[in-house]
Amino acid sequence: MARRGRGGRLLAVLVIVLLVAALAWWRASLSDQVTQVQETQAEYDATVIRVVDGDTVVADVQGLPVRVRLIGIDAPESVHPGEEVACAGPEATDQARELLRPGDAIGLSTDPSQDRHDRYQRLLAFLTMPDGRDFGAAMIEAGYAVEFTFARPHARQQEYRELERQAARAGVGMWGSCP
């Protein structure tokens with residue numbers, strides 16, 4: 001077996017260093033491109049694949065199935081792993097399935113004040129239903145969701161809070177059936 005001289009080892013180290021530097025540059029460049037796309041693509045045309053529960057849907061976005069967590073609302077749990085089914089959880093899911101059906105054309109819009117994805121890698125977005133109404137507002141009005149602010153106020157916080165107060169006063173949905 002031939003021995004590598006000092007020059008051969010130096011050349012091998014140099015090639016490795018250059019490859020690592022090129023890979024780092026490529027990853028940084030790709031990250032910049034993804035960030036630019038995220039900053040500019042705040043609205044998406046999508047199609048409902050399925051309703052998971054009262055505040056989560058799976059939608060076809062640009063040909064890909066994307067889990068979407070609705071910004072600004074929280075519905076009673078009906079399918080969360082490790083948690084009991086909450087009072088009105090199944091009803092909230094049923095209400096969401098009445099409002100959204102597989103194949104429905106919807107609009108999704110992100111909120112610059114919020115993160116793009118949650119810790120479960122779901123897209124965080126507001127959802128516009130086929131009839132042009134705001135899905136989150138409709139769920140709160142029906143009494144099957146409450147206004148939910150995570151870390152920072154969202155664009156529809158005040159509107160959603162007022163709708164929640166009205167639903168609670170009227171005793172609709174969970175407000176009339178849960179302790």
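Helices (H or I, at least four residues) and strands (E, at least two) are taken as DSSP runs and numbered from the N terminus. By this assignment the chain has five helices and seven strands, arranged along the sequence in the pattern α-β-β-β-β-α-β-β-α-β-α-α. The structure is a predicted model, in which local features need pLDDT of at least 70 and side-chain atom pairs count only at pLDDT 80 or more, whereas totals for chains, interfaces and linings use all residues. Residues are numbered from 1 along each chain as its sequence is written, and side-chain values use heavy atoms, with hydrogens and water left out.

The accessible surface of the chain (Shrake-Rupley method, 1.4 Å probe; for residues, only the protein chains shown count as cover) comes to about 11200 Å², and 56% of this belongs to carbon and sulfur atoms. Of the 179 residues in the chain, 37% are buried, where buried means under 20% relative accessible area, exposed over 50%, and partly exposed in between (1.4 Å probe, protein chains only). Among contacts (heavy atoms within 4.5 Å) with a separation of 6 or more, 58% join residues 24 or more positions apart.

In soluble globular proteins, nonpolar side chains tend to be buried together. A nonpolar core is defined here as a set of buried Ala, Val, Leu, Ile, Met, Phe, Trp, Tyr and Cys residues joined through side-chain atoms within 4.5 Å. The largest such core has 37 residues, and those with the most contacts inside it are Ile73, Leu100, Ile106, Leu108, Leu127, Phe135 and Met139. Two or more residues each are given to this core by β1 (43–53), β2 (56–61), β3 (64–70), α2 (89–99), β5 (105–109), β6 (123–128), α3 (135–141) and α4 (157–170). Leaving aside residues up to four places away in sequence, Leu100 touches Val48, Val51, Val57, Ile106, Leu127, Met129, Pro130 and Phe135.

Within α2, the buried residues are Gly89, Ala92, Thr93, Ala96 and Leu99. These lie on the same side of α2, because they cover an arc of only 120 degrees around the axis; the arc is that of the directions from the helix axis to the C-beta atoms. The cover over the buried residues of α2 includes β1 and α3.

Thr110 lies in the loop between β5 and β6 and is buried, with a relative accessible area of 11%. Residues up to four places away in sequence not counted, Thr110 touches Ala42, Tyr44, Arg116, Leu123, Leu124 and Ala125.

Ten salt bridges are present in the structure, a salt bridge being a side-chain nitrogen of Lys or Arg within 4 Å of a carboxyl oxygen of Asp or Glu. One of them joins the side chains of Asp118 and Arg122 (2.6 Å, N to O). Asp118 is buried at 14% relative accessibility, and Arg122 is buried at 14%. Another joins Arg133 and Asp131 (2.7 Å, N to O), with Arg133 partly exposed at 40% relative accessibility. The side chains of Arg161 and Glu147 also meet in a salt bridge (3.3 Å, N to O). This pair links distant parts of the chain, with Arg161 in helix α4 and Glu147 in strand β7 (residues 146–147), 14 residues apart. Arg161 is partly exposed at 32% relative accessibility, whereas Glu147 is buried at 11%. Asp55, Arg69 and Asp74 are linked in a network of salt bridges.
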